[in-house]
Structure formats: C-alpha cells, structure tokens
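Look at the sequence and the structure first, then read on.

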Amino acid sequence: MSKLPNTPTSIFSIMSQLANKHGAINLSQGFPNFPVDERLLNITKNLIGKNVHQYTPMNGLPSLLENIASLTFKNYKRKVNIASEMLITAGATQGIYTVINSFVKNNDEVIILDPSYDSYEPSVLVAGGKPVRISLNDDYSPNFNRIEDAITKNTKLIIINNPHNPTGKIWKESEFQALESLLEKHDRVLLLSDEVYEYISFLHPHISINTRPKLRDKAIVASSFGKSLHVTGWKVGYLIAPEKLMLEIKKIHQFLVFSISSLSQHAISEYLDIVDFNEIEKMYVSKRTLFQNLLKNSKFELLPCEGTYFQVVNYKQISTKGDMDFAKELIVKHGVAAIPISVFYKDSTDKQMLRFCFAKTDETLIAAAEKLVKI
C-alpha cells in the first residue's frame, strides 16, 4: 500500500517532458543552463587524480565545514560549531526530508505556507505527520493570524521558505519580529527555514534565521550550494542547527546517506576560498533585469521579484484559461515552458500565474522573450 497515494508525478518532470516533446524553450525547471565557473571546473579537474574519493566524515569534510562556518560568520555574524551544529547533506531537499523525519511523529502537525515547494508535504506524510497548508497573503507575505489560528497542541514544526520559491518574495524585518513573538508564545514549536536562495536577493537584503538569536535555539536552517553556485546536479547542501536538534538529525542522516560526494565537497571547499557571492548576486541581478526588460512590451504582468531566480507573471490579459491548461498551451503553441503556480497550493488556488526561471543564458532568455511578446 502506497505511503503517498495522492502524490502525482512532479510538475517539473511533466513540464520538462512536454517541453522536450515539443522542442520548447524550457524556463520551467529551476536549474541554470549556462556553464559552471571555469575556476570550479579547474579545481575539480585537479582533484580527480588525488586521494579524495573515499568517505568523508559523516557530518562533512572538515575543511568544507570550516569554510561554511567562516561564510556564515561573515554574512550573518553567527559563530557555528562545526562539530555539533552543522551537517553536509545531499542537497537541501535531502536535508529538509531528514529534518522532518527527525522530529515529526505520527499525527504531529506541520504548518506549510502555500504556495509551497512540492517536497515539503510528501516528507511530512512519510513521517506519519499531518501537513497543515496555510495560504500566504495575496502579495505572498505571511499571514500570522492564519498561522496562529492553525497552531494546535499537535503542532510540531513550521516550515518557512525565504527567499521564496515560487514567488521570489523576501520576508521583511517586521515579519521576522512577528514570527519571533509567535514562537515565543508557542515555544514548543520548531522552525525549519529553507534558505536555498539566500545569496540571490535584489530589492532588499535577505534576512537569515542565522541572524535571529531569539529563533536560533529552535530553528534549523537549510542551505544549498547547488543553487548558490549553480551546480544543482552536484546535490550538495547543508544544515545549521543547535546541538540538541542536530544530534537528532544526525541519527537519521547517518542511516539515510551517511556521507555526501567526497569529490564535490573537496571541490566546493577549495572554491569557497576564492568565490565572491556578491558577484553571483550581481550576475542574477543582470539576468533578472534583462528578462524583465524583454517582457515589458508583452501582455504579461510581471510581479515583483525580490529574490531567487524566478519571475512570476500574470497572464489574465491573454487568456481566461486555468494556469495548468495555459502553461501547456504555452509549450505546444508558443514554444516556451513555465510552471503554473496553482500546483504549489493544496487547494490548487488559481490566480492565472506562471513561474519562469531566468537562470539561463542571455541567448535563451532573449529567444524565449521573443516568443512571449508575440502572444
């Protein structure tokens, strides 16, 4: 009997397969199609012949952990104990799955803010928990009245995603203050903060849970080098959490994957000595600006993109169709693939919104935009 009887094929697989079938430009799945930094490639080539191909320690390569700790202190002024408060994971998705299955038991409730990334709910269900899906406000900011109303004696965990996939929204200082007040009142509830796009912000700075002393003792932060360094296929992420929580996470992690790709860890560790995350952000600012400018003369309404490498658009001036049907039509008739936002809601809320990924070469973005402005 299936543990996930109502879980369909991932929307990312569906849209990518349809794009391939019709030869469409794929702006649906969230991965870059431009080359990896030549310096990272050279580091990797130089490592191939060295003794870096055996298991690393379970919690991660020591030099990589040290570099992450330095990065965390540089950006967030948080001192992290690499032995007890940090864990390298097989991408952020595995890290998030491990966190959920470390703390959620049968009938525990987990609050998820919709629209939400599609891996959260299945991870809760596999753990025997109950996902409680709460919609964000119309502007995709958190509605704390709804969140507090959803908290019960069975609530174990709240998951937040900032910068937000799929909408590109970034939480503001006042919203973190409201979250702190909420979790101070409900002090037994844990927090999982998915921050995989933390180094891609535009309109105002990303605020990490790493910077919130009032939340750190009950929070786990998930990060991703796949997103930050555009090496999504390497599947290298990491978790930061207080020792009392990390102890439980490691119990599950050691029997799930134990340790992560040794070559990737060595390569990223060396790369962190030379990479400038500000340059990565500037590169995505340029791509965001290019894509937005290219669509200015289209009938699509562009929503604010504060972070991530996703641009959400409204197509109500073009069609009255639901977003799933329109997304398929966009592929078949117009040759561009996007993701319908309704799939990120439990109740399939349809506001005629699509998500485009602009982590693509300029040539790809220009070619896609030429098709979109003709609609």
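## Aromatic pairs

A search of the whole structure turns up 17 aromatic pairs. Here rings of Phe, Tyr and Trp (its six-membered ring) pair if their centres lie within 6.5 Å; planes under 30 degrees apart count as stacked, over 60 as edge-to-face and the rest as tilted. The pair of Trp171 and Phe176 is tilted, because the ring centres are 5.3 Å apart and the planes stand at 55°. Trp171 is buried, at 4% relative accessible area, and Phe176 is buried too, at 1%. Buried means under 20% relative accessible area, exposed over 50%, and partly exposed in between (1.4 Å probe, protein chains only).

The model is predicted: local features need pLDDT of at least 70, side-chain atom pairs count only at pLDDT 80 or more, and totals for chains, interfaces and linings use all residues. Residues are numbered from 1 along each chain as its sequence is written, and side-chain values use heavy atoms, with hydrogens and water left out.

## A pair across the sequence, and a cluster

Phe291 and Phe356 form an edge-to-face pair, 5.9 Å from centre to centre with 75° between the planes. Phe291 lies in helix α12 (residues 277–294) and Phe356 in strand β13 (residues 353–357), so this pair ties together parts that are 65 residues apart in sequence. Helices (H or I, at least four residues) and strands (E, at least two) are DSSP runs, numbered from the N terminus. Both Phe291 and Phe356 are buried.

Elsewhere, ring pairs join Phe34, Tyr197, Tyr284, Tyr309 and Phe310 into a cluster.

## Charges over rings

The charged end of Lys360 sits over the ring of Phe31, 4.3 Å from its centre. Likewise, the charged end of Lys77 sits over the ring of Phe73, 6.0 Å from its centre. The rule asks that NZ of Lys or CZ of Arg be within 6 Å of the ring centre and within 35 degrees of the ring normal.

## Glu121

Is Glu121 buried or exposed? Glu121 counts as buried, because its relative accessibility is 16%. Glu121 lies in helix α5 (residues 120–126). Leaving aside neighbours within four places in sequence, Glu121 is in contact (heavy atoms within 4.5 Å) with Ile112, Pro131, Arg133 and Lys346.

## The cavity

On a 1 Å grid over the protein atoms alone, a cavity is a set of points where a 1.4 Å probe fits but cannot get out, and a pocket is an open set with protein on both sides within 12 Å along at least five of seven lines; lining residues have an atom within 4 Å of a point. Grid points are joined across faces, edges and corners, and a volume is the space filled by probe spheres set on the points.

The count comes to one cavity of 30 Å³ or more. The largest cavity has a volume of about 80 Å³, and its lining includes Tyr120, Tyr140, His164 and Trp171. Strand β5 (residues 155–161) gives the most to this lining, with three residues.

## The pockets

The largest pocket has a volume of about 1,200 Å³. Its lining has 48 residues, of which Ser10, Phe12, Tyr117, Asp118 and Ser119 lie nearest its centre.

The second largest pocket has a volume of about 390 Å³. It is lined by 18 residues, with Leu71, Asn75, Tyr199, Phe277 and Asn278 nearest its centre. Helix α3 (62–76) supplies the largest share of this lining, six residues.
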